[in-house]
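Student: I have a two-chain model open and would like to talk through how its parts meet. Could we take it step by step?

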Amino acid sequence: MADPRRYHLSTTMLAAAFAMALSGPGYSEEIKSATKFGDLSSVTQDLLTHASSDSSNFLHTNGDYGQSRFYPNSQINTTNVAKLRPAWIFQTEVKESLETSPIIVNGIMYVTTSFSHVYALNARTGEEIWHYAHKMGPITTFCCGPNNRGVAVADNLVYVATLDAHLVALDAHTGKTVWDKEVADPEEGYSETMAPTVAKGKVLIGTNGGEYGIRGFVKAFDAKTGNLVWTFNTVPENSVGVWAEKDLTGRDMHRDIAAEKAALAKLGDPYKTLGGGVWQNPAVDLETNRIYFVVGNPSPDLDGASRPGDNLYTDSLVSVDLDTGKYICHQQYISHDVWDLDAVSPPVITQVADKDGKPVKGILHAGKTGHLYVHDAKDCSLIRFSEAMVPQENMWALPTKEGARMLPGANGGVEWSPIATDPKQGLAYAINLHQPMTYSVESSAYPSGKLWLGGAFKVIPTEEQWGNVTAVDYNTGKIRWQVKTAQPMIGGILATAGGLVFTGEGNGLFKAYSSENGSLLWQFQAGAGVNAPPSSYSVDGQQYIVVGAGGNTQLDYKRGNAIMAFTIN
Amino acid sequence: MALGVLALLGLKDAGGPVKADTIEEKAGVCASCHGANGVPTAKNIPIIWGQTEGYLYLQLRDFKKGARQNEVMSQIASTLEKDDMKALAAYFAQKTWPVLDQPAASDEVTRIAKTVNSSVQCTSCHLERFQGNSTVPRLAGQSHDYLVKTTAEFRNGVRGNNPGMTSLMKATPEDDLVKVSTYLAGLAGSY
C-alpha cells in the first residue's frame, strides 16, 4: 500500500511550479490557454471536455474524449526531435508487461503496471509520490497477460480497474481507497485490464473474458459513490441478427447458414456465454450524449458450432446513450467470427468526408483484419474501409481440424493498440502485426469460466513475422505511407502538433517519425519492449514525451519495469 | 495404491468422511501423496506447495464437480466445502515451492520447447519463465513425469477441465509435449 510519508508533494510547490511555467520564458501559448479550464487542484468536467486543446495535461487514455491521440503541443517537432533525451526513468516494482497510458494532471503523472498497481509520480522528476498495490483476490482469470492500461481521473479521484474485476476509486493526493466495487465475478472469467473513462459523473468500464465464455458488457458507475448506474449487455438476448453471409468489406465468410439454423432450433440462443468483451475505452461525444465502443470476439473463439447466428454485437462498433446505456446503433464487421479477428483498438471520433465528399462526424476503427474502417457517427453505417495495411491471404478460410493457414493471424492487423490521428492532415496512424497463423477448430462444452478457445490459432514458426507503422488517409482509404518494423507491433502510437508520431517496438526501440511522410527522425533503445501507448505533457514550459518500457506478455517481448520521460534540453 | 491411501485417510467405507477440524489437519491429509515437505511421494504427483492459489482452488472445485477426475482427488474433494477449498488453496500457495532434483534441458530440447511456446503462446498465460499467477499454474520446476502425464491427458481428453488447454495441446505434436515437459521441469528457480 501507499507509504504515508511520501504523500505530500505540496500543492504549494505545484502552484509555484505552474506560476513559473506561466511566467517563464519558455512557455508556449498552448500552455497558457490550457490552464483556463481548471483550477489546478482538481480535474473538472470542463477540463476533461477541453482536453483536445490542452497542451499541458494528458487527461484521457487516448488524449481526449474523441480519442484522437493528437497532442496539441509543437515544442518538440521535426526540427529538434533529434535532440530528444531521457529526462528521467522511473522503475516500478513490477517487471511485467506494461500497457499503461500515462495520465498527467498539473504536473502529477499517474501510471499503472501489470497486476493493477498504480503510481503517482512527479512529472518533472519521476519521483514517486504514492503507490497503490491492489490487494488482489485469489481468483483472476485473464487472457494475454496481467496487464493494466491505465487510470481515469476526475475531480480529486483516480480510477483503476483491476485484474480481479474490481473498479477502485483512489484519492488523487494520497492513493488511499475511497470506494471499491466488484464489477463482475472473476470465477466466471471476468477481469479488467482496460482503463476506465469518466464523463459527466459516470465511470465507464467494459470487461475482458471473450476467451472464457462470459456475457460482455459496458457498465457505468457513479463517480462519487461507485453505485451502478446502468449496464449495457454487449450480447442481446436475441443475438441471431440477419444471417449475414459477407463481412463488412463484402467478402464471403463461407457460413453454413442451414446448419446454423438447425443448431439454433436445437440449442437456442447462445447469448449467456457468447463473450463480447470490451477491451478498450469508449469514445465520448458530449454533443450528442453518445458513447462509441467496439466489442470483441464471440466465445468460443474458433468454434461456431455451439453459437449459431451473427452473434450480435460481437466484432462490432456499438453506440449507446451516455446517460442511460440505451442502444443507439451498431455495425458488425464480421458476423459469426471463427478467427478471433475481432474489434479491439479504441474508436476515434473525428470529422471525415462522407461518400459524397461532404464533411460529417465520423468514427474510425482499426481492425485486426488490417483495415481502417470509417463510419458515419449518426447511424454507425460504414462510409469506407482502407486498403489492407497487412497481407491478407485465403480469407475467409474456415478453421479445420488440422489447421488452415489464413492471413492475418489472430492478433491482427491492429490488436488492442490505439491509433493516433492528425486532423489537419486527415491521417490515421496504426501499428500492425504480420504473424502468419493456422486456425484449427475443436468443439468443447462451456467450461465454467475456463479458457474456451474452441480450437487453436498457431503461429507458423517457419514463416517470417514483422510489423509496420501505417498512415492512412481516412478521407480516401488510401495508405499515405508505411514503414516496416522488424517485429510485429503492439502498444500504441501518439501524434503531435510538432509533425511527429511516436511509437515503440518489442525489441526496445522507441521511435519518432515524421507524421507527414514516415521518415525516421529519432530513436532510443529502452532495454525492454516499448509496447505501451506514449503520452505527452508539459511542465514548467517544457514538453515531454513519456512511455512505458515493460515488454509484452502476449507476444513475449522482453520484460522491464521502466516509465521513461523524454525532453529536449 | 489409491485405495490404500483412501483407507489410510479414513475417507471411505467407515461411515462416511472423517472430518478434519483445522486447516493443518485438512492439509495433513494431502501430505501422504503431495509430501510432508512439499516433495511429492511419487513422480507423477504434482507439486502443490507454492502453487498458485486460484489454480489450486479451481482444481479442487473441478474434482468435486467431476469436471476433472482422479480416483483419489475426486474422493477427497467430495468431502470439501467451498470455504475448505479456498482455505486449503491459500494454505498451500504460501508454502515454499520445493526444488526437485531435475536436470536442465539440453540446448536442442530447449530450442524445441521455445518454438512450441512461440507457436501456441504458453507464456501469454503462464507468464515469463512459467511462474504462473492466480488461476494459471506455475510450471517451472514442476515434476517431470506429472507434466508429461497431464499434458498427454489434456491432449487425449482424459483431463477435461480446461478445453482451452486441450485445444492447445492437440495443436502441438505429442513428442514435442514431452520435450516441453523436460524443459519446464528443468526450470528450477523462482524469479
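Student: How many residues of chain B are in contact with chain A?

Tutor: Happy to start there! This is a predicted model, where local features need pLDDT of at least 70, side-chain atom pairs count only at pLDDT 80 or more, and totals for chains, interfaces and linings use all residues. Residues are numbered from 1 along each chain as its sequence is written, chains are lettered from A in the order in which they are written, and side-chain values use heavy atoms, leaving out hydrogens and water. Taking contact as heavy atoms within 4.5 Å, chain A contributes 34 residues, and the number from chain B is 32.

Student: Which residue of chain A forms a salt bridge with Arg61(B)?

Tutor: A salt bridge puts a side-chain nitrogen of Lys or Arg within 4 Å of a carboxyl oxygen of Asp or Glu. The count between chain B and chain A is four. For Arg61(B), the closest N and O atoms are 3.0 Å apart, and the partner is Glu187(A).

Student: Are α3(B) and α4(B) roughly parallel or roughly perpendicular to each other?

Tutor: Helices here are DSSP runs (H or I, at least four residues). The axes of α3 (residues 53-65) and α4 (residues 71-78) of chain B come within 8 Å and cross at roughly 95°. Angles of 65 to 115 degrees count as roughly perpendicular, under 35 as roughly parallel, over 145 as roughly antiparallel and the rest as oblique, so α3(B) and α4(B) are roughly perpendicular.

Student: Which residues in α4(B) does α3(B) meet?

Tutor: From α3(B) come Leu60(B), Phe63(B) and Lys64(B). In α4(B) they meet Met73(B), Ser74(B), Ala77(B) and Ser78(B).

Technical notes:
Axes fitted to C-alpha atoms, helices over the stretch in contact; angles between N-to-C directions. Helix = DSSP H or I, 4+ residues; strand = E, 2+ residues; numbered from the N terminus.
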